[in-house]
Amino acid sequence: MRYTEQSLPVGVIASAWSSLDVDLLVVPVFEGEVPALPADLDAVLGPLVRAVIERREFTPKAFTTLVLPAAGPGWRPERVMLAGFGTRAACDARRVRRAASAAALAARERRVRRLAMAASGALPLADEARAAAEGLTLASHYSGIYKSGDEARPVPIEALVVVPPATASADVREAEREAGRGYILASCSNLARALTNEPANVMTPRLFADIAGQVGADAGLRVDVLDEDRIAGLGMGLLLGVSRGSAEPPRVVVLRYDPPDAPARPLLGLVGKGVTFDTGGISIKPSDRMHLMKTDMAGGAAVLSAMKAVAALKPNAPVIGVVPLVENMPGGRATRPGDVLRSASGKTVEVLDTDAEGRLILGDALWYARELGATHLLDAATLTGAIGIALGRDMTGLFGTPAQWTDLVARTAARAGDRVWQMPLVDEYREQLRSEIADISNIGGRPAGSITAALFLQEFSGGRPWAHLDIASTAWADEAQPWQPKGPTGVAVRTMAELACTPDAWPPPVA
Ligand code: BES
Ligand code: MN
Ligand code: ZN
């Protein structure tokens, strides 16, 4: 795997538009408004801008763009891109982020190298700088690294967010700080996307662990990689049961962020499903769309990437990331339906379907995060196809307990730009996991498949505040959108990193 950071940090500049030394200036335009252009742009393009809007050659619907050449005395940006922002009333951080991405993707197609984007003024300046920086950075993700030609490979864009020239310098500094945070979070989302996009013949448990070692060391995190012997020594029978059908040995990656002056508790434990390929095992999946199961480590990629972001954002509380890594294959030594496995926590599990493997490896990983002292837990996992039936492709399912913890995760996600929806842990459905022979079975039947999967995980949360993000339908975009190409999305990275940054808001640890 070749991963090089595709993006350059996004700067903030308080400047008149005419004097910007860039190839292209993005000008936000709202639906139903005649844009009030500053005098310098009005002099070079005012009549044309008004004409294209009046003629409806350009409608400022969200995520539309139109590029116009611009030239005139004292005017520097060679091109102006009108960027549709939709209505001002509907303009929130998500709209700014996505519109910035759409504009940067369009600019990238034109091989622009230096881009400036004017603040729309629809949000407080710092919020807008943050959202715009995220959007501009997210647009630099590139999926085609295995293509031989270099034509499609994006050039890194140097991007500036332009705030009004008269802005107070303290406000500019705050906008810069927020843009810096946005850049960190978005470039770490892009790391998760790059990892998730790798084919499974490349992205094995061992390679993921090696990359985690490098990324962690570069970021100043402590990294511990457990090999098969240590995993066995800890008694992680659920994880080993999934792994045994594969020729690839399993790994468990532990990343640790330990700020020197922070108390040891509370300790946030981030846990991510790392199935580098999910054939289903002996309960094998149908072959159409099976190739997408290379993305079954997206939760693990999100944890590694969030830990990298945490190391850069430096919150004042310790955080650990635990990523259990296996390949789920139907080899001759594979676990069979009906086999009983013993978890590290001591609970026994009857494996009625070897395709419900994510909950098995996460059961042991949640236990291990607790062993390492985690007082609060958040996991991300491409866990169930059923969550896509319930919530569709733009909304991640959020489960957990207590409400104080899941509410905080929900608010954090909304701020971070991951769309999540809270789902119930219906106590009565625990029945569906009953086993005749073991403590619990690993499937709960068709009804409420995402809920019974979450109830299974809860068995391993030890009663600590625990939340679970089912990202099976949101980790991969099946269709291109104006703000995002088809492919990995980097979902959950920003929520996890942001949650780590607000330790004061966490509920008190239990026991
Ligand atoms: N990795 C899959 C879930 C998945 C499905 C992720 C589609 C991304 C897209 C998971 O391991 C799985 O196979 N889940 C089963 C559970 C069932 C056997 C109880 C499912 O959803 O069908
Ligand atoms: Mn599966
Ligand atoms: Zn899976």
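Let's start at Pro402, which sits in the loop between strand S15 (396-401) and helix H11 (403-416). Helices and strands here are DSSP runs, numbered from the N terminus, with at least four residues (H or I) for a helix and at least two (E) for a strand. The peptide bond that leads from Thr401 into Pro402 is cis, with omega near -5 degrees. Another cis peptide bond joins Arg265 and Pro266, where omega is about 0 degrees. Pro266 belongs to the loop between strand S8 (251-257) and S9.

Before going further, some ground rules. This is a predicted model, in which local features need pLDDT of at least 70 and side-chain atom pairs count only at pLDDT 80 or more, while totals for chains, interfaces and linings use all residues. Residues are numbered from 1 along each chain as its sequence is written, chains are lettered from A and ligands numbered from 1 in the order in which they are written, and side-chain values use heavy atoms, with hydrogens and water left out.

Now to the metals. Donors are N, O and S atoms within 2.8 Å of the metal (3.2 Å for Na, K and Ca), and water is not among the atoms, so sites may look incomplete. Lys273, in the loop between strand S9 (268-272) and strand S10 (274-278), and Glu357, in the loop between S13 and helix H9 (358-371), are 84 residues apart, so the pair links distant parts of the chain. Both Lys273 and Glu357 are buried; buried means under 20% relative accessible area, exposed over 50%, and partly exposed in between (1.4 Å probe, protein chains only).

The manganese ion (ligand 2) lies 3.2 Å from the zinc ion (ligand 3), and Asp278 coordinates both. The protein donors of the manganese ion (ligand 2) are Asp278 (OD), Asp355 (O), Asp355 (OD) and Glu357 (OE), at 2.1 to 2.2 Å. Their spacing along the chain is D-x76-D-x1-E. This site also has six donor atoms, but with angles of 71 to 167 degrees it is irregular. Asp355 is partly exposed at 22% relative accessible area, whereas Glu357 is buried at 1%.

The structure holds five aromatic pairs. Rings of Phe, Tyr and Trp (its six-membered ring) pair if their centres lie within 6.5 Å; planes under 30 degrees apart count as stacked, over 60 as edge-to-face and the rest as tilted. One of these pairs is Phe63 with Trp483: the ring centres are 4.9 Å apart and the planes meet at 55 degrees, so the pair is tilted. Phe63 lies in the loop between H1 and S3 and Trp483 in the loop between strand S19 (476-477) and strand S20 (487-488), 420 residues apart. Trp483 counts as buried, at 18% relative accessibility. Trp405 and Trp506 form an edge-to-face pair, because their planes stand at 85 degrees with the centres 6.3 Å apart. Trp405 is in helix H11 and Trp506 in the segment after helix H13 (493-500), 101 residues apart. Both Trp405 and Trp506 are buried.

Phe63 has a backbone feature too: its phi is near 80 degrees, a positive value in a residue other than glycine. Lys314 also has a positive phi, of about 55 degrees, although it is not a glycine. Lys314 lies in the loop between helix H8 (298-313) and strand S11 (319-328) and is exposed, with a relative accessible area of 60%.

Finally, three strands form an open sheet with mixed pairing, in the order S12-S13-S17. Strand S12 (340-342) and strand S17 (440-441) are the edge strands, each pairing on one side only. Two strands pair if DSSP finds at least two bridges between them. S12 and strand S13 (residues 348-350) run antiparallel and are joined by three bridges, with Leu341 opposite Val349 in S13.

Technical notes. Tetrahedral: all angles 85-135°; square planar, octahedral: opposite > 155°, others 65-115°.
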